[in-house]
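Student: Please take me through one part of this chain slowly. I would like a close look at its nonpolar core and the residues beside it.

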Amino acid sequence: MDAVQCFCTFSPKKLSKLKPKPKPKPKPGSPTTPKSPLNITPPPRQKELLEVFRRFDTDCDEKISAVELRSYFASIGEYMSYEDAQAIISHLDSDNDGLLDFEDFLRLMEDNGGREGEEDLRAAFGIFEMEKGSGRITAKSLQRVLGQLGDQKSYDECVAMIGVFDSEGKGELGYHEFQQMMAA
């Protein structure tokens, strides 16, 4: 669920509040041809984030464009104008190429980790709700959202995932159970 959690912690409003950090300059005498971040074996957390990055990067060019950013938000039912997407990318793009590379994306994900966590989690919960405002996540709604994120699960798998955290035995998750699931 970590990749899903990463996807769901962002909204167009949240992205626009983040500040870019400049990329470190190479030290004299160090190789000048950096390895592609997609070919390096990353630590476990970075490996999860790399999978998320690849889901954003639909054309596999190792960059996230404004079109790809908009496409992601559209896939989860959020509207973002092209101008807003471009402004966000410009804001976060540390090498001024008009695209987010994996390093920009890593900083974005790391920066967001401690920001407005409760609000982000509630927004993520809203994405998973079967009926907006119902306060419940069902196996069917979990399956639908995971599918939209490219993580196809069977209905039975989703029932099992919910069952682990369903303290009331109703086959659904309320917000507090969802919160426990995302913390696990």
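Tutor: Here is a walk through the core and its neighbours. This is a predicted model, where local features need pLDDT of at least 70, side-chain atom pairs count only at pLDDT 80 or more, and totals for chains, interfaces and linings use all residues. Residues are numbered from 1 along each chain as its sequence is written, and side-chain values use heavy atoms, with hydrogens and water left out.

The chain holds ten helices and two strands. Helices (H or I, at least four residues) and strands (E, at least two) are DSSP runs, numbered from the N terminus. Of its 184 residues, 42% are buried, meaning under 20% relative accessible area with a 1.4 Å probe, protein chains only.

Now the core. A nonpolar core is a set of buried Ala, Val, Leu, Ile, Met, Phe, Trp, Tyr and Cys residues joined through side-chain atoms within 4.5 Å. The largest one has 42 residues. Phe 56, Ile 64, Leu 69, Phe 105, Ile 137, Leu 142 and Phe 178 touch the most other members. Helices that each supply at least two residues include α3 (44-56), α5 (82-92) and α10 (175-183).

Take Ile 64. Contact means heavy atoms within 4.5 Å. Leaving out residues up to four places away in sequence, Ile 64 touches Phe 53, Phe 56, Leu 99 and Ile 89, among others.

Last, Ser 65. Ser 65 sits in the loop between α3 and α4. Its relative accessible area is 18%, so Ser 65 is buried. Ser 65 touches Ile 89 and Leu 99, again not counting residues up to four places away in sequence.

Notes: Buried < 20%, exposed > 50% of the residue type's maximum accessible area, 1.4 Å probe, protein only.
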